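Please open the structure in a viewer and keep the selection panel at hand.

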Amino acid sequence: MASVSVNVHNITRVEGHGNIVLNVRDGTIEELRLEITESPRFYEAMLVGRNWDEAQEISCRICGICSTGHSTASLRAMEAALGVTPSEQTVLLRKLALHGEHNQSHVLHVLFLVAPDLLGAPSVVPLASTHRPVIEMALRLKRLANDHIALVTGRHIHGVNLKVNGFHSLPKEKALAALRERLVASRDDIQATIELVASLKLPDFERAGEYVANSRADEYAFYDGTITSFRPLQCDHCGHTLKEGYREEYPIERYRDIARETVVKHSHAKHTASVHGSYAVGALARVNINYDLLHPAAKQAAEALGFRAPCMNPFMNNVAQLIEVVHCTEDSIAIIDKLLERGIQQEDTSVEVRAGRGAAAVEVPRGILFHEYEVDDDGKIVAANLIIPTGQNLNNIEHDMRALVPQILTLSHDEIRLMLEMLVRAYDPCISCATHLLDVRFVG
Amino acid sequence: MSAKPKVAFFSFTGCEGCQLAVLELEPVLLDILGAVDIVSFREAMTEHSEDYEIAFVEGSISTPHDVEEVQHIRQRAGLVVAIGACACSGGLNALKNRRGMDDVLQTVYGSSGSWFETIPARPVSAVVPVDLELPGCPMDGNEFVWAVKSLLRGEMPKLPQIPVCVECRLKGNVCVLAHKGKHCQGPITIAGCGAICPSHGGHCVGCRGYLAHPERDAHMEILQEHGLTVDEVRAQYSLFNTYSEMAREAAS
Ligand code: SF4
Ligand code: SF4
């Protein structure tokens with residue numbers, strides 16, 4: 001029987017540095033951990049004592065890649081705490097910015113991190129000479145996504161325009177129309193990316209699990225919605241995944257019932273589990289839960305990519321991300337049309353401060369993100385709780401690894417290592433984290 | 001410096017937004033890749049080498065392990081360049097420094113706090129000598145390109161010591177010095193960002209750090225004239241610059 005010992009040392013930031021430790025003796029897993037050793041960040045402690053109007057500019061600094069998502073969750077939670085309802089224009093613009101962030105993050109992940117693997121290169125750097133057109137296309141799509149975010153937020157990393165109940169300044173209609181043109185023109189590059197990814201082979205692995213994402217009856221939910229859990233059913237006879245499954249909904253007030261946090265010794269990022277155990281968040285969870293509400297063009301892309309919901313192969317998260325790029329691009333065009341039809345209006349963005357407590361759930365590229373704040377009469381933050389997507393996925397990744405390892409024990413050390421790295425990378429825990437996994441060391 | 005210097009990127013406690021700012025230089029990224037030899041960049045690369053001349057360091061130093069690692073980097077690199085507020089001034093991470101470390105551990109991890117280790121967050125220069133600091137949260141991409149070009153020519157770039165106000169004026173903005181109980185830190189903050197925050201209708205929160213000889217007393221006086229209290233002004237100084245503010249308080 002196989003004995004394997006793997007020590008993947010120093011994955012960076014999932015909110016952190018991390019390691020994979022695997023020890024298999026005579027075919028039995030003795031040790032399997034995804035250790036998160038990143039310097040703890042302490043945002044919850046840092047927010048306490050600050051002003052209500054600083055929460056967004058502080059908490060967006062948790063992540064450079066999901067800065068707009070953190071901002072959105074922070075603003076919505078603070079608005080809930082203060083009893084503020086933002087205008088329709090504010091909501092449309094925030095949705096537009098969030099789409100830009102999904103596009104940016106997904107393009108970065110699929111084309112800069114996953115593609116090198118599938119094209120047999122150690123990173124995107126050598127691809128700049130061997131696959132120049134692919135890289136130029138990737139850069140074009142990313143540039144567009146950066147400009148897309150920056151048009152609404154003022155700066156693509158840590159936007160300077162966002163505030164509770166509105167914006168410091170609003171985008172010009174002409175600039176929105178120009179972005180619309182570029183989004184329309186990007187369809188060709190997106191199509192080329194779909195063809196590229198469709199031609200690549202992803203590992204075949206399934207595990208019946210639980211998926212959690214926001215959902216709404218009227219749209220594919222990113223900005224808001226009801227927290228929804230979905231557990232697909234498998235046919236008792238053939239093992240085939242059925243379209244039906246168990247669906248449960250949780251109002252935002254009950255977010256702690258889904259994301260039940262525990263501190264585990266080997267991880268500076270807390271683990272979470274629902275009542276059913278570990279669960280997955282992110283693009284795959286969203287597409288599984290909300291497939292019917294995808295834009296028709298995104299459904300077409302799903303078909304071209306061989307994606308059938310519900311899909312229980314975690315490696316397909318990359319494909320789900322690409323499906324979302326199509327959706328976000330098309331929906332951004334629709335949002336801009338709506339904004340231009342209404343005309344951009346200067347609005348009253350004043351806020352009356354009062355004591356309160358509020359939470360919000362927002363879908364950011366890596367999954368559902370929770371922010372909750374409590375403020376006192378003067379608007380000082382007295383408590384904050386933030387639950388981050390990558391943290392929610394860690395437990396699930398460990399369970400996937402447990403299911404995957406016995407199926408791949410006959411492979412070579414290198415192949416096992418690569419499979420484990422690819423699995424973690426498929427969850428897109430955070431760019432650096434995923435790449436750093438490649439420093440795998442075998443200790444056995 | 002060699003014709004195609006070997007450069008490496010490292011990241012400590014921070015959001016990695018500054019490394020992302022490098023990746024986001026799409027129009028010139030391919031040119032930069034042609035001019036230097038990037039041997040380590042874990043946000044984007046698998047390859048890693050210990051042989052480098054310039055080390056770009058992002059993030060604050062906030063664990064005993066960070067301290068060791070940055071010392072190791074200093075020993076190997078000819079030049080150490082700190083990028084972003086976290087690395088240059090401690091940035092937002094230093095907000096936790098006002099509270100005891102046990103206290104912050106307990107707030108976040110509860111009774112399991114003692115499993116983990118943390119030290120007050122500090123800038124890279126508090127641990128090892130730093131040759132150049134490119135401040136901002138995030139670091140300004142254009143400034144990074146300008147600095148790299150100078151370094152490639154064998155020159156050490158020098159950031160002009162002028163306040164954000166100068167850039168703000170050039171943009172033709174209306175001054176937001178004291179507005180709705182908030183105040184703009186432009187008069188005492190190092191320029192270089194194009195006064196992006198006031199230009200968008202916000203106010204400068206000092207993310208690029210303060211000038212070497214800021215007119216603090218005058219700033220404080222004017223703000224008091226506008227009805228802000230000393231405590232309010234101090235609290236706002238302590239957003240991105242808690243580390244230097246605490247050092248000032250300790251010294252006075
Ligand atoms: S300076 Fe700002 S953008 Fe850079 S790593 Fe720190 S928090 Fe992120
Ligand atoms: S205006 Fe101030 S806060 Fe804004 S980027 Fe410039 S230095 Fe930083």
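This is a predicted model: local features need pLDDT of at least 70, side-chain atom pairs count only at pLDDT 80 or more; totals for chains, interfaces and linings use all residues.

Select B:R98 and B:E249 to begin: their side chains meet in a salt bridge, with N to O at 3.0 Å. A salt bridge here is a side-chain nitrogen of Lys or Arg within 4 Å of a carboxyl oxygen of Asp or Glu. B:R98 lies in the loop between α4 (85-89) and α5 (101-109) of chain B, and B:E249 in helix α11 (residues 242-251) of that chain, so the pair ties together parts that are 151 residues apart in sequence. Helices (H or I, at least four residues) and strands (E, at least two) are DSSP runs, numbered from the N terminus. B:R98 is partly exposed, with a relative accessible area of 41%, and B:E249 is partly exposed at 36%.

Residues are numbered from 1 along each chain as its sequence is written, chains are lettered from A and ligands numbered from 1 in the order in which they are written, and side-chain values use heavy atoms, with hydrogens and water left out.

Next, select B:R153 and B:E155. These residues form a salt bridge whose closest N and O atoms are 3.7 Å apart. B:R153 counts as exposed at 56% relative accessibility, whereas B:E155 counts as partly exposed at 42%.

Remain in chain B and select B:I162, B:V166 and B:L170, which make a nonpolar surface patch of about 270 Å². Patches are made of residues with over 30% relative accessible area and no salt bridge; like charges are joined within 9 Å, and nonpolar side chains (Val, Leu, Ile, Met, Phe, Trp, Tyr) within 5 Å. B:I162 is placed in the loop between α6 (141-152) and α7 (164-170) of chain B, and its 34% relative accessibility makes this residue partly exposed.

Now centre the view on ligand 2. Which chains contribute residues around ligand 2? Chains A and B both do, so the site is shared between chains. A:R155 is part of the surroundings, together with B:V164, B:T189, B:C193, B:I196, B:C197, B:P198, B:C204, B:V205, B:G206, B:C207 and B:R208. A residue is near a molecule if one of its heavy atoms lies within 4 Å of it. Helix α8 (residues 196-199) of chain B supplies the largest share of this shell, three residues. By class, the shell has eight nonpolar, two polar and two charged residues. Ala, Val, Leu, Ile, Met, Phe, Trp, Tyr, Cys and Pro count as nonpolar, Asp, Glu, Lys and Arg as charged, and the others, Gly among them, as polar.

Turn to chain A and select A:E136 and A:R132, whose side chains meet in a salt bridge (3.1 Å, N to O). Both belong to helix α6 (residues 132-153) of chain A, where being four residues apart separates them by about one helical turn. A:E136 is partly exposed at 34% relative accessibility, and A:R132 is partly exposed at 38%.

A further selection is A:R256, A:R357, A:E372 and A:E374, which are linked in a network of salt bridges. Over all chains, the structure holds 28 salt bridges.

Finally, display the whole of chain A, with its 15 helices and 14 strands. Of its 444 residues, 65% are buried.

Definitions and conventions
Accessible areas come from the Shrake-Rupley method with a 1.4 Å probe; for residues, only the protein chains shown count as cover. Buried means under 20% relative accessible area, exposed over 50%, partly exposed in between (1.4 Å probe, protein chains only).
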